[in-house]
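Q: Could you walk me through this chain, starting with a residue I picked out?

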Amino acid sequence: MSVPPEVSSGPEQPSPPTAVVRALDLALRILGGVVAVAAAVVTAALELLLSMVRVGGVPVGVSVLLAVVANVALSRFANHAVGRRWALALPAVAWFALMVVASGGTGEGDVLIAADNWVGLAMIFAGSVAFAVMAFRLIIAPRQT
């Protein structure tokens, strides 16, 4: 006596997500975007503080390295947390806006990034390039279906 083979019509289709699951997914994506922006502000403030570090009177470019590493990580996090390519702009705009505000002076003449501080200028350049490279990589990457 032989057992008949099971008849299969292909892989089972998953059921569509319920309204609660969709709402939870949207809330988590929004929260991911908010966390990415908050992390960009925190890392930008830390980079600004570290741009003035000196060892023996010589400026040390530790904030430049931090800007590159942090901005690459923020780009990847925003893309994965929000699930959209445009999400990279969230931390990039927040980070760059803080850098613009920091490089401008107050009415009293106070500045966070002095014009004669090569570390601050290199930090802005390297951090912006890190975001630009990550954006370019997302643009040329094939879409995931």
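Q: Where is the place of asparagine 79?
A: Asparagine 79 is in helix H2, where helices (H or I, at least four residues) and strands (E, at least two) are DSSP runs numbered from the N terminus. Please keep in mind that this is a predicted model, in which local features need pLDDT of at least 70, side-chain atom pairs count only at pLDDT 80 or more, and totals for chains, interfaces and linings use all residues. Residues are numbered from 1 along each chain as its sequence is written, and side-chain values use heavy atoms, with hydrogens and water left out.

Q: Is asparagine 79 buried or exposed?
A: Asparagine 79 is buried, as its relative accessible area is 16%; buried means under 20%, exposed over 50% and partly exposed in between, with a 1.4 Å probe and protein chains only.

Q: And what does asparagine 79 touch?
A: Not counting residues up to four places away in sequence, asparagine 79 touches Arg84, Arg85, Ala87 and Leu138, a contact being heavy atoms within 4.5 Å.

Q: Which residues of H4 are buried?
A: Leu138 is one of them, and the others are Val119, Gly120, Met123, Ile124, Ala126, Gly127, Ala130, Phe131 and Met134. These buried residues pack against helix H1 (19-50), strand S2 (58-59), helix H2 (62-82) and helix H3 (89-103).

Q: What about valine 119, which residues is it in contact with?
A: Leaving aside neighbours within four places in sequence, valine 119 is in contact with Ser51, Pro59, Val60, Gly61, Ser63 and Val64. Valine 119 belongs to helix H4 (residues 118-140), and it counts as buried because its relative accessibility is 0%.

Q: Changing topic, how many helices and strands does the chain have?
A: There are 4 helices and 2 strands, and from the N terminus on the elements run α-β-β-α-α-α. The radius of gyration, taken over C-alpha atoms, is 23 Å, well over the 15 Å that the globule rule gives for 145 residues, so the chain is more spread out than a compact globule. That rule is 2.2 Å times the number of residues to the power 0.38.

Q: What does the C-alpha trace span along its principal axes?
A: The trace spans about 90 × 30 × 25 Å. Of the 145 residues, 27% count as buried, and residues 24 or more positions apart account for 72% of the contacts with a separation of 6 or more.
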